[in-house]
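Trainee: Could you take me through how to read a few features of a structural model, giving the general idea before the particular case?

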Amino acid sequence: MEGTNPVNKKLAAALSGGAVLVLALSGCSSDDSSDKLNSWAKQVCDAVQPQAVKIEAANTAIQKQTSDNSTPADVQKTDSKAFQDMSDAYKAIGAAVDKAGAPDVDDGEKKQKDAVTELNTISSSYADLKKQVDGLDTKDQAKFADGLKGIATQLDKLSQSGNDALKKLEEGDVGKAMAKQESCKSASTSPSASKA
């Protein structure tokens, strides 16, 4: 039953890239943001924080499943739930950014719309991955491993596109305002977070 492990490790590695995405919402710090922008950042950070925790938990579940000799059926069950959780989390983050409105910066409306579109696309992509995992043949070890390999490749691309979308939203003063929010700071305490 050890055949799926290397592939599943690849899956876990790809996933941890996706987790960094939300946790990157901590940015760098500075105090020259406007009150308006600060209240926007607080609203978004407060909404992101529980979703970041959810994504981290889903990520951890998949990592854990790779550390022992899990059966394809166990891997399928864990991955399916994790992808569903991630899909829900990104959808919720997209809704939070949408609800917060445009940040009080140049091109704020475009940045906000682009981020919402991207977050919703990521949510749909995770929902698609869940369907793909659910459709894998757990009785055929080799086929299952091949299927997981394809999913891991898609995950790599997914985490990259998500990072790009949020980086654009967080450029300049938006990132500075978000960095001051306690909820964004606590969302970024994970060791997997990149130091932006």
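Trainee: Where is Asp107 found?

Mentor: In this predicted model, Asp107 lies in the loop between H3 and H4, and its relative accessible area of 56% is over the 50% cut-off, so Asp107 counts as exposed.

Trainee: How do H3 and H4 cross?

Mentor: Two packed helices are described by the angle between their axes and the distance between the axes. Here the axes of H3 and H4 come within 8 Å and cross at roughly 165°; because angles over 145 degrees count as roughly antiparallel, H3 is described as roughly antiparallel to H4. The crossing of H3 past H4 is left-handed, and the residues of their contact comprise 12 nonpolar, 8 polar and 5 charged.

Trainee: Is Gln76 buried or exposed?

Mentor: Gln76, which has its place in helix H3, is counted as buried because its relative accessibility is 15%, under the 20% cut-off. Leaving aside neighbours within four places in sequence, Gln76 is in contact with Val133, Asp134, Gly135, Leu136, Thr138 and Phe144.

Trainee: Which residues have the most contacts inside the largest nonpolar core?

Mentor: In soluble globular proteins, nonpolar side chains tend to be buried together. The largest nonpolar core here has 37 residues, and those with the most contacts inside it are Trp40, Phe83, Tyr126 and Met178. The elements that each give two or more residues to this core are helices H2 (35–67), H3 (72–100), H4 (108–134), H5 (141–169) and H6 (173–179).

Notes
Residues are numbered from 1 along each chain as its sequence is written. This is a predicted model: local features need pLDDT of at least 70, side-chain atom pairs count only at pLDDT 80 or more; totals for chains, interfaces and linings use all residues. Side-chain values use heavy atoms; hydrogens and water are left out. A nonpolar core is a set of buried Ala, Val, Leu, Ile, Met, Phe, Trp, Tyr and Cys residues joined through side-chain atoms within 4.5 Å. Buried means under 20% relative accessible area, exposed over 50%, partly exposed in between (1.4 Å probe, protein chains only). Helices (H or I, at least four residues) and strands (E, at least two) are DSSP runs, numbered from the N terminus. Axes are lines fitted to C-alpha atoms, for helices over the stretch in contact, and angles run from 0 to 180 degrees between N-to-C directions. Angles under 35 degrees count as roughly parallel, over 145 as roughly antiparallel, 65 to 115 as roughly perpendicular and the rest as oblique. A crossing is left-handed if the near helix is turned anticlockwise from the far one by less than a right angle, and right-handed if clockwise. Ala, Val, Leu, Ile, Met, Phe, Trp, Tyr, Cys and Pro count as nonpolar, Asp, Glu, Lys and Arg as charged, and the others, Gly among them, as polar. Contact means heavy atoms within 4.5 Å.
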